[in-house]
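The sequence and structure are shown first, and the numbered points follow.

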Amino acid sequence: MESDAVPLYVVGLTYNLKKGIASEVEDLEAEYDDISTVHAIRDSLKKAGLKVELIEADENIFYRLQDAKPDIVFNIAEGLRGRGREAQIPAILTHCGIPFTGSDETTLCIALDKALTKRLLASYRIKTPRYKVIDGVNTGSIRNFNFPLIVKPNAEGSSKGISEHAIVKNPEELKRQVRMEYEAYGQQLLVEEFIRGREFTVGIIGNGSETRVLPPMEIVYNDKNSKNNIYSYNVKKNYEKYVTYVCPPDLDKKLLDKIERTSGKIYEVLQCKDFSRIDFRMDEKGELYFIEINPLPGLAPGYSDYPMLAGFSGIGYNELILMILNSALKRYGMKTVNV
Ligand SMILES: Nc1ncnc2c1ncn2[C@@H]1O[C@H](COP(=O)(O)OP(=O)(O)OP(=O)(O)O)[C@@H](O)[C@H]1O
Ligand SMILES: [Mg+2]
């Protein structure tokens, strides 16, 4: 039931929707949201007595912001174009002086470039698989790497470009896959050593001394016969069939601590705000490898990993949305909302 009380804030909800564009590239729109996710976030905010304005983050964003006059924006917009697309709405909001949830434009720009992030984290001794960026189809620079390798677009998310074919076992397969991905995605490709072993994803929430690293969730592959399982686009879409999520994972305390410490460090180094999700692999020796960070993780209820991780820690969807909002409100020195 809606209350008659004056809402504490007008919250603008910025997003980009899947448009259902037909394409030969199956995962063309993978990063965009379904309207059901937008509605779920809107409903969580409304239940807390807030007024919500839906703001599609398209070319008319400036006019939409002027009309909506939000006190704060809950941003899930992935952006429409370019390597820095996730950063564009935060950059506009910063420019207009409008508070918003999540990391700022600089963090989002860096994190969307996987190689740049790896380079930066390596300078803090955070281990990441050996890699090379290639621009075009020439694989001549990939020398002395240990096969198998994985080929992925350097600046994508939602497993775009990551199918079972992305793992290559020899130079011929590498050449073929590089050509295929370059044609499909037209951007720099990241070629990395493939880390066989266990996979974990970690959710983080909050800022400063209130930052909370949630217990890692292990992505356990149901197919025990394959050594090359990956969390591909197809596996994510049909996760009930291919994987089992285990949280907390069966790991000794030393390794759990290591994941938690490394996650907190990465969050701090990249100056993430409010929330993020980080992916890791661990080889048989217990060596932990950073794979990538998502400072704007998907929030689709019942589908995305981040709300799932929160769920394992007893944080329901409504509560999670308000925790993210409150983290941002606190940063801006604004009154928080009752959870
Ligand atoms: N170097 C690697 N070694 C082993 N597996 C890898 C490696 N890189 C990627 N993978 C596998 O591919 C999956 C997707 O890769 P990655 O997380 O880089 O892509 P993404 O599209 O950015 O993902 P997200 O949907 O989390 O944004 C990983 O979850 C993991 O299963
Ligand atoms: Mg990932």
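1. Strand 5 and strand 6 run antiparallel and are joined by two bridges; strands are DSSP runs of E of at least two residues and helices DSSP runs of H or I of at least four, numbered from the N terminus, and two strands pair if DSSP finds at least two bridges between them. I150 has I167 of strand 6 as its bridge partner. This is a predicted model, in which local features need pLDDT of at least 70 and side-chain atom pairs count only at pLDDT 80 or more, whereas totals for chains, interfaces and linings use all residues. Residues are numbered from 1 along each chain as its sequence is written, while chains are lettered from A and ligands numbered from 1 in the order in which they are written.

2. The order 4-7-5-6 describes an open sheet of four strands with antiparallel pairing. Strand 4 (131-134) and strand 6 (167-168) each have a single partner strand and stand at the edges, so one side of each is left without a neighbour in the sheet.

3. Ligand 1 is surrounded by 20 residues, of which P129, G157, I195, I230 and Y231 are the closest; a residue counts as near a molecule if its C-beta atom, placed from the backbone, lies within 6 Å of it. Two or more shell residues come from each of strand 5 (149-153), strand 12 (275-282) and strand 13 (288-294). Strand 13 gives the most, with three residues.

4. What is the division of the shell around ligand 1 into nonpolar, polar and charged residues? Eight are nonpolar, four polar and eight charged, where Ala, Val, Leu, Ile, Met, Phe, Trp, Tyr, Cys and Pro count as nonpolar, Asp, Glu, Lys and Arg as charged, and the others, Gly among them, as polar. Domain 2 (111-127 + 196-319) and domain 3 (131-193) each supply at least three residues to this shell; the domain bounds come from an automatic or database domain assignment.

5. Strand 8 (residues 198-205) is mostly covered, with eight of its eight residues buried, that is, with 20 or more other C-beta atoms within 10 Å of their own, C-beta atoms being placed from the backbone. R198, F200, V202 and I204 lie on one side and E199, T201, G203 and I205 on the other.

6. Strand 8 pairs in the antiparallel sense with strand 12 over eight bridges, and I205 has F275 of strand 12 as its bridge partner. Strand 8 is also antiparallel to strand 10 (residues 217-221), over two bridges, with T201 opposite M217. Strand 9 (residues 212-213) pairs with strand 8 in the antiparallel sense over two bridges. Six residues lie between the strands in the hairpin of strand 8 and strand 9, where G206 takes a positive phi near 100°.

7. In helix 10 (residues 305-312), the buried residues include D305, Y306 and P307. The buried residues of helix 10 pack against strand 8, strand 10, strand 12 and helix 11, contact being C-beta atoms, placed from the backbone, within 7 Å.

Definitions and conventions
A residue is buried if 20 or more other C-beta atoms lie within 10 Å of its own, exposed if 12 or fewer, and partly exposed in between; C-beta atoms are placed from the backbone. Two residues are in contact if their C-beta atoms, placed from the backbone, lie within 7 Å.
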